[in-house]
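Please keep the sequence and the model in view while reading.

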Amino acid sequence: MEVIESPATMQKKSNFLREKGTTIGFVPTMGYLHEGHLSLMRAARRDCDVGVVSIFVNPTQFSPNEDLARYPRDTEGDLKKCEIEGIDLVFLPQAQEMYPDGFRTYVMVEGLSDKLCGCSRPTHFRGVATVVLKLFHQVKPHRAYFGEKDYQQLTIIRRMVRDLDLDIEIVGMPTVRESDGLAMSSRNAYLDSEERVSALSLSRALERARDRVLQGERSAGALREELRGIIEGEQNTQIDYIAICHPQTLEDLETIENRALVALAVKVGTTRLIDNCVVLTKSGRETHG
Ligand code: AMP
């Protein structure tokens, strides 16, 4: 397994691979890898000739009061995991090389970046779209793999790829969960044992949403209140949002017809967690499976 740190070297390597006709599958990450990341890597290895993983804790997607400095890091352990998964190349750029002095250019995906997580993190998706576009130009993948765990991020990347005519196939992968339902996340490492119990209220609320919609609940407001009760019933939880919205536009819905995205952001102690699922009505189930 090769490790490359310089963006210029990465680009040369990608050009070389492409000239040979090799297909490149790419998994961008911020490291501290878990089974969710590994599922993306396995898909990239299965579908493409070469699997590339990037590990970069991207400063532009954190605001000054967020957890950039304490974001968990374990490069050595991550490299071992990549090696075991048969990844061919790990790209480990440095912040100073990604954002040299005088950096001025950002990508904004309007109308999608300001909803849901964008309300409390107004510059977050600008940072995400910018770094992902830069990584795409450096790694030059044929396919790139993203988790549905970060549903809004996946929606924004798909929109950017379409709007900017990028010749890259975006593959969305299902959320990998712990056996008790908690969505895997590098940030779960922040939770103490009591918070870990409270954190289960997110997946429990989503489970309830799925059941209630199948049973015939159509009112987004009523459903939201029910989910609020489940989450606020746990200690140390502070809801950022409970959104019931259109799965593509992320516009809020009043009435659930066929399908809806239920997305949650909750602070458990000091740790902000997100989770989501797409809920289907009975008729939505028949059309969308
Ligand atoms: P991160 O390192 O948190 O930036 O995540 C890198 C990629 O892994 C993103 O595409 C995430 O959506 C994806 N990912 C993170 N957690 C999970 C999970 N539990 N299941 C599936 N994909 C995930």
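Pro-7, Met-10, Ser-14 and Leu-17 are buried in helix H1, where buried means under 20% relative accessible area, exposed over 50% and partly exposed in between, with a 1.4 Å probe and protein chains only. Seen down the axis of H1, these buried residues fall within an arc of 80°, so they line one face of the helix; the arc is that of the directions from the helix axis to the C-beta atoms. The face turned away from that buried side carries the exposed residues Lys-12 and Glu-19.

The model is a predicted one, in which local features need pLDDT of at least 70 and side-chain atom pairs count only at pLDDT 80 or more, while totals for chains, interfaces and linings use all residues. Residues are numbered from 1 along each chain as its sequence is written, and side-chain values use heavy atoms, with hydrogens and water left out.

Helices (H or I, at least four residues) and strands (E, at least two) are DSSP runs numbered from the N terminus. After H1 comes Gly-21, with a positive phi near 85°.

Around the ligand there are 17 residues, of which Met-30, His-37, Asp-150, Val-176 and Met-184 come nearest; a residue counts here if one of its heavy atoms lies within 4 Å. E2, helix H2 (35-47) and strand E5 (143-147) each supply at least two residues of this shell, and H2 gives the most, with three residues.

| Ligand atom | Residue (polar backbone atom) | Distance |
|---|---|---|
| oxygen | Gly-147 | 2.9 Å |
| nitrogen | Val-176 | 2.8 Å |
| nitrogen | Met-184 | 2.9 Å |

The protein covers 93% of the 490 Å² of accessible area that the ligand has on its own.

Phe-56 lies in the loop between E3 and helix H3 (75-84) and, at 6% relative accessibility, counts as buried. Leaving aside neighbours within four places in sequence, Phe-56 is in contact (heavy atoms within 4.5 Å) with residues including Thr-29, Met-30, Pro-93 and Val-131.

Terms used. Polar contact = N/O pair within 3.5 Å; in protein donor to acceptor, adjacent residues only side chain to side chain. Areas by Shrake-Rupley, 256 points an atom, 1.4 Å probe, with all protein chains shown as cover.
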